[in-house]
Each structure stands twice: as structure tokens, then as C-alpha cells.
Protein chains: 4
Amino acid sequence: MSQTSRDDRLVSLRRDLHRQPEPAWREFYTTARIIEEVERIGVDELYVGEDALSGEDRLAVPPDAEIDEWFERAQTLLAEQEGSDPEIIEPMRGGYTGAVAVLDRGEGPTVGLRVDIDGLPRPESDDPEHVPAAEGFRSETGAMHACGHDAHATIGIGVLEAIVDSDFAGTFKLFFQPAEEVIGGGSAMAQSRHIEDIDYLLAAHIGLNHPTGEIVAGIGEFLAVTQLEIEFEGESAHAGAQPQIGKNANQALAAAVQNLYGIPRHEKGGTRVNAGVIEGGTASNIVAEQARVEGEVRGDTTALRDYMLDRAHDVVEGAATMHGCEGHIEEGASAPSAESDAEIADTVAEVATSVEAVDSILEYDALGGSEDATYLMKAVQDRGGKACYVGIGTDHPGGHHTATFDVDEASLPIGVDVLSGAIRRLSESGHRTN
Amino acid sequence: MSQTSRDDRLVSLRRDLHRQPEPAWREFYTTARIIEEVERIGVDELYVGEDALSGEDRLAVPPDAEIDEWFERAQTLLAEQEGSDPEIIEPMRGGYTGAVAVLDRGEGPTVGLRVDIDGLPRPESDDPEHVPAAEGFRSETGAMHACGHDAHATIGIGVLEAIVDSDFAGTFKLFFQPAEEVIGGGSAMAQSRHIEDIDYLLAAHIGLNHPTGEIVAGIGEFLAVTQLEIEFEGESAHAGAQPQIGKNANQALAAAVQNLYGIPRHEKGGTRVNAGVIEGGTASNIVAEQARVEGEVRGDTTALRDYMLDRAHDVVEGAATMHGCEGHIEEGASAPSAESDAEIADTVAEVATSVEAVDSILEYDALGGSEDATYLMKAVQDRGGKACYVGIGTDHPGGHHTATFDVDEASLPIGVDVLSGAIRRLSESGHRTN
Amino acid sequence: MSQTSRDDRLVSLRRDLHRQPEPAWREFYTTARIIEEVERIGVDELYVGEDALSGEDRLAVPPDAEIDEWFERAQTLLAEQEGSDPEIIEPMRGGYTGAVAVLDRGEGPTVGLRVDIDGLPRPESDDPEHVPAAEGFRSETGAMHACGHDAHATIGIGVLEAIVDSDFAGTFKLFFQPAEEVIGGGSAMAQSRHIEDIDYLLAAHIGLNHPTGEIVAGIGEFLAVTQLEIEFEGESAHAGAQPQIGKNANQALAAAVQNLYGIPRHEKGGTRVNAGVIEGGTASNIVAEQARVEGEVRGDTTALRDYMLDRAHDVVEGAATMHGCEGHIEEGASAPSAESDAEIADTVAEVATSVEAVDSILEYDALGGSEDATYLMKAVQDRGGKACYVGIGTDHPGGHHTATFDVDEASLPIGVDVLSGAIRRLSESGHRTN
Amino acid sequence: MSQTSRDDRLVSLRRDLHRQPEPAWREFYTTARIIEEVERIGVDELYVGEDALSGEDRLAVPPDAEIDEWFERAQTLLAEQEGSDPEIIEPMRGGYTGAVAVLDRGEGPTVGLRVDIDGLPRPESDDPEHVPAAEGFRSETGAMHACGHDAHATIGIGVLEAIVDSDFAGTFKLFFQPAEEVIGGGSAMAQSRHIEDIDYLLAAHIGLNHPTGEIVAGIGEFLAVTQLEIEFEGESAHAGAQPQIGKNANQALAAAVQNLYGIPRHEKGGTRVNAGVIEGGTASNIVAEQARVEGEVRGDTTALRDYMLDRAHDVVEGAATMHGCEGHIEEGASAPSAESDAEIADTVAEVATSVEAVDSILEYDALGGSEDATYLMKAVQDRGGKACYVGIGTDHPGGHHTATFDVDEASLPIGVDVLSGAIRRLSESGHRTN
């Protein structure tokens, strides 16, 4: 296959996925397209649905009704699409998205690559300067690939193709992980049996403010994170006639939001807090009876994250008390922090020097964010394997998670070349000894 | 017709309406049921849709998609219901709900009665102590008749029946007004030609913390009100990786809500403010780009309401500035304040003394809330007619607008007797002279 | 004595007092000047210090050190002033300010007049448009007569002089009450024996947005009020090095202030809340360990004031909890609401018609504020006497309690004439019968 | 001199200073005691007042009245103290505290040591477990040595004595810097001529959570800091009678404080914000016309500090707008960040190994706070000299700046030995060559 036709195919797949972003545990169309590509390439084993991950360890799973809505949407779309089979997503019914593909190439180490595939629940820019808008592959779902997971899935397919065509010896496992954005899928894949025999695990992320042509061989300092579901329960009242009998959940929420962001900074390192989604009340003339926040706290370390959690509980309790409401925090999905192993990072850096389009290599960078790849990395490292999180630079006009985020598609083949090169090099280093 | 069968029918109609509460401009089933009843009774003229009110003067109309959804719901319901015709709601398509029925009984004054018919967008209690839950007529729509408009529509039908059966001389017009809760329908009906020749207008409300058997002959001191749609526009960012590039619309909203409620009290009289509905942001890990509030301000007088409005603008502008956002208030529907004319109130009080089930009569009470009946009252009063707002006491376990609001159905015939008695008595007093 | 020399003397006394405003329980110079004037006029009995009021019933007494500082200031001032004797204030040492003067004129009713004498702890404007600044009698103490109590004391002296010169029959008691602004002196005077035999009590206030020449014969609807001393106790920390170990009392205070003003309005009538004085922390780089608020809540009725109190306790508790602090409200001085008796008001109105400079008489007005004269009024009324609070209009450029408040000195003789006229007229009506 | 008597003298001096803490630019007694000690030891030159620092470069100087009050206090104290001369502080009148002592020991490098001497404006614990309380040397001034500057001054004296007694060759300059806590004195000393010829500069701090016996050879990562004086100007009103005409500066302040702490964290590193001192309003029943905050912002870098500053301006402007007030930030004293030179740090570490009581040596630590020693360090480094900030561990029960901070006096001789040893060692390394 010529390089050009390979690159065109990567672009084409990425744009197809970009047009159909699906949020966490609803990546039905996305997984279907991945399966189609994997089957086109051919592998030894392909696991889908509950065979791919531990169903009961899924975190942050949305209500059934929402899952079903997206399921039906994907079915309709696949039915309309020539060459696609709507039946392909049957095993995923109920939100068991994602897949694991396995290549068995005889004696040699087991090397894994994890890519994530979900979109974000936010609208995409329709600014004519925004390339997906200008070139006709803007989101059609209301959600958005605003963090490049469309590129991740595409690079995964590209790597698989490259490994198939190579002299790789050993076992290669490719994890298409759902629900990263809600920190929901990493745990479930880390608990699956597929992770158990991995000697070397690679994970990758595009962008992160690194330009096209730059590779970060090993990324670390992942922030520990816990998601929060905060609820206030008050009492409603007619806002005009009897405001004094109300216990205003919206006032409690506002006080809480103001003071959550005001939790003191910590000497030991970075902390984060976000009240990302707020909603409360039912009508302009009713004192709000209920209000809720979807938020999160993070820390450079687990201890710092826990400090934020403790303080958040105080804030919510106090805010509720101020307005005679009940306040409650449900702690949701969380991910640990992690570090990349230098052994793999060195290999990545070495390989990157031989990839022509790479013009800058950083040996190490801090993430300053969270990632549930850390669940898989820890699972591998705890069993004596090595893990490494690689950054693939891409020029991105808007920041991650914003309406104008986009990737420079020239970075897709770079990602494929660096990762597949590293995987092949690692296969030469043999089994781990412990 | 025996009194008992009349009372049973009132209860039956009220429960039917209670089971199908529809919010503002979506009262399709409700209006259909009203039409059925009116046609059963028989009137000289019946106006529906744009014939009943001034379409362009409708305020606070929801998005088409929401209107259509409720329209389809009502169609389905009517199609399933024996004896009903789904076609009946065709003229209301697009949100032209409500109706005006006219009885022409020869020489005499034109007397109007206005009742409102919409429900509230809030869930109803499923507590087994809550009578509608216990007796099986709890809301099936997700909305709730939490302010007794089901009783109002029912009383309107009862009054029509009573007038038809009486020696009433003159013209009787019965206004079934939609969208009171959003202050949306009063203006539209006040601008219709039907209001122009009214000599005497009655409007009525059930409950208002008055017990069953108590009548308030004339209610006044309606609070002036303006609804607010507040929007904050910021910039999104990844909450973990780059919180500093965000302009947090949720923080701006929280600051605004805190300080809206803190607008200083006013020496000249009562004021109100409510941030009834809040929502903002798209995901727990994204700094919120947009947030909005549906709220309202009120005042004992228009000047006091305007004072609140002025201060609210300062609060929103300042809250936005604090977080680098744009803030904007769209002033929505508003209603003036009004007073009841003593001439009608005296008649109501007089009639009430002769209604057996009435055991307490208040000549006057202040509402302490707002009502867009004031638009119709002002329209009549400005042309030299008289208007009066009557309170029909009912034992209600929960407060107005709360999940456990309910009416004592014994108050339905009381309302019918007092109002129809007053309307007949007014017909005897002849045309107004001016 | 000619009218002109009388008026000049009133102006001169008022300006002397205006130049030396002294806050609550520190009215040493003021009381001394009053005593001098009373002694010049001559009375039968004069009570000062603990003989004038019930020392243990004084409310809102400041710390000894502050009292002593003002005591010394007054001593120095009196020592420097020709004809004054610093020893005159000895009985007031420790904050027992105020005086009661008694004229015994034989058979007849006992009529009282209460005037208050304290200044406010706020700076006075130095704007050249501000008359006291322009004409050289601006405050020299840092405090300010921003509510006209300088005029009240002066009118009291004028009335005494007028009664002495008249045919008044009975007993006249003149109460110079300290500490009205902190609601501190009314209770103490109401508990003294001097109030016990009063048949008719008058109290008066200048201004209140009524112009010169207008008299309000009876004022009512005093707001009930309770003063609050709110304290937050947290933990200090170095704000740069270890912010996380701090429990920030200033953050708690800010949350409390925001939410105190946000206590919901009440359907039953007017409420007020004010966080008038705030202070917290010790240095810019220390997390504040302590913070406090001097505030107040009011209500049209005692029940409304209590509603505000209850909610304020929730707010303070919640605000403290949010930031890991201890929060506490100490309820301070409070005053009841009260009404004027029409019997006296009618007399005042009648007399006022005969005072040439009076060009407008209101029979009644609502205060919309609080006053601890209500303690004395209630004490008299509870024993069967009558009480009335009279408004003496004056053109005042700035609002009460603001830096540019001032009185039109033309209103001083009007006040003297109306009040002394009413007192004489009341003496003619004989003893109360009960 | 025996070691023991030396140690006793250090303790005695430290306790004397501890008992008389004086805040910034008011260190009159403290400087007097330092001068007495320096003169006892004997030096070649001693500079005091404007000869010691650049008077016009003093930052954060308090009002004259406060300075004078402390000046008089110190005069009285010195007059009462046997062997002291109140005249000694004359050159410091007006707030020119601090001193520079110079030893000229012939050929050799110029080595400087800077110690700071001011206390904090906060009360000291009177808990009997607090050693200064238990052993009778608790603060008598209302301020507190809550950051160990009493120990710093004492160690400075101890070092001077040690150098005098040694074979040190070159020039030794000892800077007793005032006003560190308000970032006020570093700039003034850095602008004086005394700093110009320094080859090696040492500065030192005790504690910082390092235990007795631990030395940190070089401290870096000083936070850049800027102090803020925030003012809100509104309009006063009577809080009961006319709350609506007020523009409440206390409400504006509360909104600002809430939102200052809520300025978003930054991906690039640590930030800090503190509203350390707040005050506003004049009386509980007056709407506050003025309110102010003394605060600060910090950042790991100047850029981060400036980010906080920018955001703080938005917050203050917005908070003022919300309540119709004027808001203003006056940027006060600020200090840059700085790093220690490894060359000196290595010497310190080397020397420390030979000090018996030292049992732990850290080569480097981050401060995580700010220090205006950075002004002097930068002044030296910019001219080609070297600078180093040394940590002297001490067991301290309470955190820095808290009421129970105290130092383990066993650390005093350790500090003296390590610093004097390093100064002697540096003198051996000769002049700098550039």
C-alpha cells in the first residue's frame, strides 16, 4: 500500500468518526466503524461488549434511556450506510461499548496499545474558519470530538495495519477504550483479563499544546481526579406570594459554587476544582426545590485530591445549612495519578528520531490533567510490566474541550509511525523476566 | 339537573384536567376538553386559536419543538379517548391555545369571566397522603396543576352551565386564558376584540391560603412583575489542564444569583426576586462557556418592580465582569399591578351571603403575588368598565406551586354559585353609562 | 425674651452640640451642656447618671476603654471652655450619660417629653456646600450628628423654657435619652422610676423626609429591630507558604454577608438586614483567624424580625461550616414596634394649626425604621397612659445617617412651639382616670 | 567566652526581642537593642536610619500617627530600662528603622548577611502550653514574633560576635532589615550603597517546617508577590428607613472576597491570593459607604503573579459594579522571585557537616512563600555577586504566622555556627573576578 493512500484512508476514517462523536458508553457507531476496520485488516481475536471489558466495573454510566437513544441512532445510521450492518452493535446494547483486538505472532512479549474513542457532550463551532465546518465533517450528533479521540481511534487502526504488515514477534493487543472523558472506561478495561499478561503498555494522546512534528516520549504527573455529583434539596414555594416558606436550592447551589472555587490553594502542589454543569429549579416563579452540580476535584497527588474532597464536603454542607436545605455529595468516578516508565519512553524517543516528519522530541512532560489510562498503566505496572504514555503533537487552533478544537491531520501518520515503530522495537526486547 | 350530579360532574372534570396538566401555550388537551364541555352545554359563539386571542401579543412562547411535542401528545391522547376528536385541536397548532365562549341573551350589560387553564412545569408529589396520588388522578404529564387552574377551568364550565340555565339578560363572555403562569396569555387576550365591550369583568382564583367556605370579594395589590432571561457567555477550557484560559460562566452565574437575592429592600413597599431556573455548562471537566437563569422581579408597584430591574442589571453586569464573561438580561413578559372595583366586590359579597356553604366573607385582601389577569382588568377599566378579582377559599394542604398543592373539591360548587350569582346580579344593573 | 433672641439661642446651642457629636453612652460633653442649660433655666429636680436611668438595663454599652477616652476628651474640652466645669460629668463616669429634668407645677397630669441626644460613629462631609462645613460648626470629634439628635436636644431645652414661662399645671418631665442609635438607652430609661407616673408621653423626631413647616401629628409602624454581633473564629496560617492549613474567617464572613442580604423577603411585610460594620484579619499575608460583623435585622412586626433572626442564624452557621470555622451570633439590643395614641396625636394636630410657621399637617405616617422610644411608649401605654411620636419636618439635603445630613434651623422653633403647645394643652385635660 | 554563656546570651536576647515585637517600620526598640549589642561587640562602622537604607524606597510605610505611637512606646520603654538610652532611636524617627554594621578586616571579599527583624500585627497565644506564655516572655506589645525574626536578629548578633573573634579576612556587612512582613524593607536596603560591593550575600530563615538540627543549604522558588489595597466607595443610607438609596460597600467587598479566592488555578504553577484584612462600614444601622481589603496575590513566577493581578482587577471592578460602588485596587509592595546560587549553597552544606548539632542537611528546598530578601539577592546577583538563602531548622509547635508559633532555642547556636562558618569559608575563596 502506498503511503499516500494510507494517509488518505486515515484522514477519511478520522473525519467519519469526527462527524459522529458519541459520548461515554454510547460509542455504538464509533465501535462499529472500528470493528469494520479491524475486520478489514484481519486479526486473530476480536472482543466486543462484555467480552472486552468488565461490565460491572464501568463507572459513570448514564441512564438507560439515554444509552438506548444513542443505540437507536447508531442502528439507524448503520442501516442507512452502505456496507454496514446494524447487527454489529447488538453485543453493545446497554452501553457495553469498546473493543479489544489481538494479533498473535508467536513467541515474544505481549505489547498493548490503548486508545480512547469517546466524544464530549458539547456543541461544535460552526465558525467557517473551523476546518470541520469549512470542509463538511462537523459533528452531526450535538456532541463533539473536542479532545481528539477521533484521531486516537484512527491512529489505533493505523498502528494495527502497520503491525500486521511487519515482522512483529509476540502478541499485540489493541484496546479501544470507551468513556475516558467521564473517567468511566479505564477502570473497566483494567479489570478485564486482557490486561493481565501485558509486558509493555503504550497509551497515547494527541495535541496537549505540542505542535505537529513534536513527540513527548513519556508523559507523567497525571492529576488524580474524583468526579462529584452534588445535590441540594430544599422546599419550593411561590416566589411572589410566599417566598419565605421556600428553602431555596438555587441559592444553596450558588453559595456552594462560589465557595468551591475558593477552597484554599495547597502548598504541596497543584489542585483543581470545577462545577462544570449546574442546574436547578423548574420555573421562574417557583423557589427552586432541587439543584445539582456535576463537578470534579483534582490534585497533583491523591493526597491533594483528597484535601480538595474534604473541603468540598464542608462547602456543600455549609451552603445547604445557610439556606435550610439538605446537601449531599456523591463521589463518582476517580482515577489515580501515574508515571511513565523510562525504559519504554527511551524506546519511543529512539524510534521517533528515525521518523522523518518528527522534528522535535521531548523526553518528558507533565500532563497537568487526568486520564483513566492510569488505571491500565497501574494494572500493568503492579504486575511487573512497564507502561508509558506518549504525546503526539498536533497543531490545534482551539484548546482541548473547546468548540474550535481540531487536529492537524498531518499528525495522524506521525502517530502511527512512532507508535508502531516503538511497538516493533519493544517486541525485540523479549519477555519481561519477572 | 340535581345538585349532586352537577357537583360530581365538576369533580370528574377537574380530575380529568388535573391528570393532564399542560404548561403555558401547550394546553391542547385542556382546551379540547373545555371545548367539548362548552359544546355539550351549548353557546352562541365559540372562538378558538387565533380567533380567541391576539396571536402576536402572546408572551413567553416556548420553542416550536416543545409546543409540537405537547401537541402530538394531546393528539394521541384524544385519539385514544372515546368520544374525543383529535382534529379539535388543529386550530391551536403552534401554540394558540385557549378559548372564548359567548352567550347572547339579548338586552343587558356585557359581563365577562376570565379563568386560567395552564399547569406548572414541575413534578407532582407521589406521597400516598397526597389525594391525587391516593385517588389515582395524579399528573400523567410530568407537569402539575400546582396552582389550581384545573379548578378554575372547571368552575368556568360550572358557571357557564348556571348562566345558561338562568334568567341572565345581556351578553356573557367566558375567557379560558392560557399561559398565566408565564404571564404570557393575559396580554394576548387583553388585546383581542372580545374584551372591548365588557362592562363588568370578573376573574377568580382558588385557594390563596383562604379556607373552604371563605370568599374574598375583591382582591387587589397585585405585584407588578417582569420575567428575566439572564445569559452569561464565557469561554470554555479543560478544567484540569488549562483552567486559567476559561472564563467561567457558572462562576458568573453563582455570583449573580447570590447578589440578586441581596438587592436591598425598599422603604416604599414589598419587592421580590427569584432565580427560579438555573443551568450552565456541558460536562464536569469543562469550564462552563454558557449559563442562564430564568428569573423574575416583582414590586408592590411598577416603580418598585423597576427599581429591582435596575439593580438586577447592575448585578448581572458586575457578575459577568468579575469572571471575564458577557452578561445579558432579556426582559420577558411582565404584568402591571391592579385593583378591584368596589362596585363589583360589593355585589360579590352580597351574593356570597346567600350561598349556604359560604361561612366567611372578606371584603378585601391583598394578593401579594402577580397575575396577568391585570392586563384584562386594566383593558376593561381603561375603557370605563369595572373589574374585580375574586378569591374562592379552598383548604389546600401544600402551598401554591409546591408538590403537594391540592384543592378541596367542595370549593368547586361554591365558586360556581358565588360567581354565577354575581354575574346574574350584575346583569340586572344594566349597561354602564359612560 | 424676644422670639428672635430665643431662636438665636436655639441655633447657637444646636451648633455647639453639632460640633461635638458623641456616640452612644459617651455623650459626656453633650449631657454637660444640657445640664448647664437646664440649670440656667431652673427646674425642681434634675437627675443625672444612675439617678436618671437604670444602669443595669443599658444595652449596647461599648468597652470601658472607649468610654474613658471620650470621658477624658469631654473633661479636657469642658476645662478649656469658659464657664464650664469638668466636674459636672463625674456622675456619668463609666457611661451613665443622659439626664431627666422635672418641673413640679402642682395639680395636674404628668406629661413627659423624650428627646435623644447621641451622635453616630461616622465622619461628616467636608464639602463646602455642606452648611456645617461652610459655616464652621462641622464635627470636631470624628463622629457626626447625622440624624438630628443635636436638634432634638436643643428643642428639648426650648420646650423646657417655654413650659417654665407658661401656665402649665401638673408635672413636666423631660427625658434626655442617650444611646438611641444603638438602641441602647430606651430600655434603661423605660426601666427607671421616672417613667412610672407619666400620663402623657411625647417623643419627637426631626426630618424623616418631611419638609420644614410640616408636622406629623402621630407616627407609627416602628420596625422591630435586633442588633447582631456576629463572630467567626477560624485558624490563621501563612497565606503564601501554607494556605491550606488556614480556616479563613474572612471567607466565612464574606459568604455570610452575601447570604444575609439574600434572606428571602416575607409575604407578611417589610423586613430589613444590614451588615453595617465588618472587620477581620490582622495582616495581608496571614489567613484571617477572626472576623466579625456588627449588624441588625428588622421587621414590620416582631414576628417578621424573628423570622429574619432565625434565618440569620442558619446563614452564619452555614458560612462558618463552609470554611471550617466556628460562627456565632450574639443578639444585642432590640426594640419592639409601637403605635401612637390618636388622643395625643389629635391634640398635636390641633395645636399645630395655630403655629404660624406650620403649613402642612399629616395626621399619621409610618416610620419605616426603628426607635427605642418604643420602650418608653410601651412602658407608659402598659400602665394605662398615652404616648405619641411626633414628626417635626425639616429640609434636609442629605438622607438620615449620610455624610451630608443637616437640618434647617428654622424648624427648631417650630418644634418647640408645637411640642410645648401640645404639652400645655394636655395639662388642661387632667389626670388619666385609670 | 564559654559556649554555654554564649548560648545563654543568645536565648536572653531572643526572649527580650520576643517580648517586644514591633511591626514593620516601627522596630524602634528592636533596633535599639541591636545597636546596643553591636556596640558591645564593637564594629568599624554602624549605620542607622536613613544612613542604613534608601528612605524613599521604603514600601508599605504605615501612617505617621501609628509610627509615632510606637516610637513613643519605645522611648518610654528604653527610658525605664537600666543601661538604655532613649536617644538611641532619634535617627529612626519617622520610621527609618533597621541598621547596617560593617567589620573591615583588610584584604578579602565582601560578604554580607541579611537578617530581618520585624514582628507581625497579630496577638500571641496565652495558652499555658505556649512556651513564651509559660516562661514569661510572651509579647507585651499586642504584636507577635510569629515568624521567628526575633531569632533572626539574635543569630545575626551571634554571627557578628563569631566573626569578630575569628580569622575572617575581608569585609563583613551585617544587614538588620526592617519591614520584611510587609515586603517593605528589602527594596530600601537593596537600593542603599551598602549592597553595591557585596561579593557573597547570605540570608537566612529559621523554621519553615524543618526540625531542629536540619539545615537547608540553598532555598529557592520564592513566590513573586504583590500586595493589594482594595477600596470600595459606595453611598451610605439608613439601613432601616431607606435601604434602597444605599450603595453598599460591604456587599461589594463580600462579593469581591468570595470571588478573589475563586480566581481559577493556573496550569503553569502555584498561585496564591489572600484577603488578609477586611474592614468596612461605621455602624450597624448604616449602609456601609466605604470598605477596604488588605490583600496580596502571589505566583511561582512573576507571570503567574501578574495573571492573578489581572484577574483580581476584574473581580474588584465587577464586585463594585454589582452594588453601584466604585472599586479600586492600589498595587502595593511587591517582590520578585529568586534562586540561590549553588556555589554558596555548597559551601554552606560543607560547613554544616562539621557542626555537631546538625544532623540533617538538605541541599535544596523550595520556599513556597515570598521574601523581600529577593530584592537584595537580585541586586547582588545583577552585579555579578552570588547570593544564597539558608534554612535553619527549628522545631516549631505552631505554623508560621499563627498564635502558637515558637522556636526551639537550641537552633540559635546552630544558626550562628553554620552561618559564621560559611562566611569565614567564603572569605577564603577571595574576591569575585568579574
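1. Helix packing in chain B. In this predicted model, helix 1 (residues 3-19) and helix 5 (residues 149-164) of chain B have axes that come within 9 Å and cross at roughly 145°. Axes here are lines fitted to C-alpha atoms, for helices over the stretch in contact, and angles run from 0 to 180 degrees between N-to-C directions. Helices (H or I, at least four residues) and strands (E, at least two) are DSSP runs, numbered from the N terminus. The crossing of helix 1 and helix 5 of chain B is right-handed; the term applies if the near helix is turned clockwise from the far one by less than a right angle, and left-handed if anticlockwise.

2. Residues at that crossing. Helix 1 of chain B contributes Leu10(B), Leu13(B), Arg14(B), Leu17(B) and His18(B), and helix 5 of chain B contributes residues including Asp150(B), Ala151(B) and Ile157(B). Two residues are in contact if their C-beta atoms, placed from the backbone, lie within 7 Å. By class, this contact has 6 nonpolar, 3 polar and 2 charged residues. Ala, Val, Leu, Ile, Met, Phe, Trp, Tyr, Cys and Pro count as nonpolar, Asp, Glu, Lys and Arg as charged, and the others, Gly among them, as polar.

3. Basis of the model. Residues are numbered from 1 along each chain as its sequence is written, while chains are lettered from A and ligands numbered from 1 in the order in which they are written. The model is predicted: local features need pLDDT of at least 70 and side-chain atom pairs count only at pLDDT 80 or more, whereas totals for chains, interfaces and linings use all residues.

4. The sheet of chain B. An open sheet of 8 strands has the order 1-2-4-3-5-12-6-11 in chain B, with mixed pairing. Strands pair if DSSP finds at least two bridges between them. Strand 1 (45-48) and strand 11 (360-366) of chain B stand at the edges with a single partner strand each, so one side of each has no neighbour in the sheet. From one strand to the next, the twist averages 20°.

5. Strand 3 (residues 110-116) and strand 5 (residues 200-206) of chain B run parallel and are joined by 4 bridges; Gly112(B) has Leu201(B) as its bridge partner in strand 5. Helix 10 (residues 373-382) of chain B packs on the sheet, touching strand 3, strand 5 and strand 12 (386-392), and its direction makes about 160° with that of strand 5. Helix 2 (residues 28-41) of chain B lies across strand 1, strand 2 (99-105) and strand 4 (170-177), at about 15° to strand 2.

6. Chains D and C. Each of these chains gives 51 residues to their contact. On the side of chain D, strand 8 gives the most, with 8 residues. That side divides into 21 nonpolar, 23 polar and 7 charged residues. Strand 9 (residues 271-280) of chain C pairs with strand 8 of chain D in the antiparallel sense over 3 bridges, and Gly280(C) has Ile278(D) as its bridge partner.

7. Chains A and C. This contact takes 23 residues from chain A and 23 residues from chain C. Helix 8 of chain A gives the most to the chain A side, with 8 residues. The residues of that side are 8 nonpolar, 11 polar and 4 charged.

8. Chain A overall. Chain A has 11 helices and 12 strands. Its C-alpha atoms fill a box of roughly 75 × 55 × 40 Å along the principal axes.
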